[in-house]
Amino acid sequence: MYLKRTKPGLYYLQRTLFYLLVIVITLYLLLPFGWAVLTSFRRATDLFLPPLQFAFAPTTLDNYTQVFANASFRRGLFFSTVVAVGAVAVSLLFGSFAAYALGRFRFRGKQFIMYIILAVSVFPQIAVLGGLFTLITRFNLFDNPLGLMVSYLIFTIPFTVWVLTSFVRDIPGELEEAALVDGASPLQTLFKVLFPVMMPALVTTGLLAFINAWNEYLFALTFMSTNRTVPVVIANYSGASQFDQPWGPIMAASIVVTIPLITLVLIFQRNIVSGLTAGAVKG
C-alpha cells in the first residue's frame, strides 16, 4: 500500500506484470490438457486441420463410444482400480505404524532408517526391475494383480512413511500423555487419538500415492501380460494399420482416466490443503 501511494505508476506496472505472469503460467499448464480434451471430441479426419479450423470443427462422441466399447479398456480400469486402491491401503496401514514408531520413539539407528527410506523412495524403478521380476516369477505372481500390487509397495510405502513421520513429529505429545493416563495402550492411542488428528495427512499422502500407482507404467508393462492396467492399455492402442495412430480414442481414454483423479482432488481438496500445511507453523 505504501508503494501504491508513493509511486502508483510502478505499483500498477508490478501488478500488471504479475497478472501477466500468472496468465502465461496458467496457459502453459492448461493448454496441453485443453488441447487433449478438444482432440477427444474431434473426428479422425479433422486431426490434421489448421489449429483454428480444428478448434471449431464439429464435435463428436464417437471416440468415447469407441473407448468404452473396448473390453480391454474396461478391464484395464478395473485392474488399475484394484491395484492402486490395494497398494494405497496397505501402504497407509504399514506406513502409519512405521511413522508412529519413527516419529514418537527413540532408538538406535532411527536416523539411518530414515535415510534408507528416503534413498529407496527416490531410487529409479528400472534399477530394481530385474530382481523384482525374478521374485514375482518365482512366487508365481506374474500376470497377477497381487504381484503388481506388491511391486507398487516398493515406492508407495517409503513415500507414505517419510511424509507421515514428519507429520507425527509435529503432533503435540500431550495428546498421547493424556491417553496413557486414561489407561490407553499404544495401539489404542494410535487408532483412537492420533489417527483422527492425522486424517488430513493420511488423505493427502494416500491421494498422492494413489496417483503414482494409478499412472505407473513400467511395472505394469513388465509384470502383466493380459491383465493390464489402463496406462499400458492406452499405450498399446493401435489403428487399422501400422501407420494409423488413433489419436482421438487415445485422448478420449486419457481424459476418462484423468477424471477420477480430478474428482478425488476436488472432493478432498480441504483435507489436502490441511495435510500439506500441517506442521508448517509450530506454536
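Me: Does α6 pass α8 in a left-handed or a right-handed crossing?

Reply: The model is predicted: local features need pLDDT of at least 70, side-chain atom pairs count only at pLDDT 80 or more, and totals for chains, interfaces and linings use all residues. Residues are numbered from 1 along each chain as its sequence is written, and side-chain values use heavy atoms, with hydrogens and water left out. A crossing is left-handed if the near helix is turned anticlockwise from the far one by less than a right angle, and right-handed if clockwise. For α6 passing α8, the crossing is left-handed.

Me: Are α6 and α8 oblique or roughly antiparallel to each other?

Reply: The axes of helix α6 (residues 110-121) and α8 come within 8 Å and cross at roughly 135°. Axes are lines fitted to C-alpha atoms, for helices over the stretch in contact, and angles run from 0 to 180 degrees between N-to-C directions. Angles under 35 degrees count as roughly parallel, over 145 as roughly antiparallel, 65 to 115 as roughly perpendicular and the rest as oblique. The relation of α6 to α8 is therefore oblique.

Me: How many charged residues are there in the contact of α6 with α8?

Reply: Contact means heavy atoms within 4.5 Å, and here Met114, Ile117, Leu118, Val120 and Ser121 in α6 meet Ile154, Pro158, Phe159, Val161, Trp162, Thr165 and Arg169 in α8. Among the residues of this contact, nine are nonpolar and two are polar. Ala, Val, Leu, Ile, Met, Phe, Trp, Tyr, Cys and Pro count as nonpolar, Asp, Glu, Lys and Arg as charged, and the others, Gly among them, as polar. The number of charged residues is one.

Me: Is Leu118 buried, partly exposed or exposed?

Reply: Leu118 lies in helix α6. Buried means under 20% relative accessible area, exposed over 50%, and partly exposed in between (1.4 Å probe, protein chains only). With a relative accessible area of 33%, Leu118 is therefore partly exposed.

Me: How do α5 and α10 lie, oblique or roughly parallel to each other?

Reply: Two packed helices are described by the angle between their axes and the distance between the axes. For α5 and α10, the axes are 8 Å apart and the angle is about 140°. The two helices α5 and α10 are therefore oblique.

Me: How many nonpolar residues belong to the contact of α5 with α10?

Reply: The crossing of these helices, α5 and α10, is right-handed. Their contact includes five polar residues and no charged ones. The nonpolar residues number 18.

Me: Are α8 and α10 roughly antiparallel or roughly parallel to each other?

Reply: The crossing in which α8 passes α10 is right-handed. The axes of α8 and α10 come within 10 Å and cross at roughly 155°. The pair α8 and α10 is therefore roughly antiparallel.

Me: Is Ser151 buried or exposed?

Reply: Ser151 belongs to helix α8. Leaving out residues up to four places away in sequence, Ser151 touches Leu132, Ile136, Phe219 and Phe223. Its relative accessibility is 0%, so Ser151 counts as buried.

Me: What is the phi of Asn140?

Reply: Asn140 is found in the loop between α7 and α8. At 67% relative accessibility, Asn140 counts as exposed. Although Asn140 is not a glycine, its phi is positive, at about 55°.

Me: Is Asp143 buried or exposed?

Reply: Asp143 also sits in the loop between α7 and α8. Its phi is positive, about 60°, although Asp143 is not a glycine. With a relative accessible area of 18%, Asp143 is buried.

Me: How far apart in space are Leu61 and Ala252, C-alpha to C-alpha?

Reply: Leu61 is in the loop between α3 (51-55) and α4, and at 54% relative accessibility Leu61 counts as exposed. In sequence, Leu61 and Ala252 are 191 residues apart. In space, C-alpha to C-alpha, the distance between Leu61 and Ala252 is 9.2 Å.

Definitions and conventions
Helices (H or I, at least four residues) and strands (E, at least two) are DSSP runs, numbered from the N terminus.
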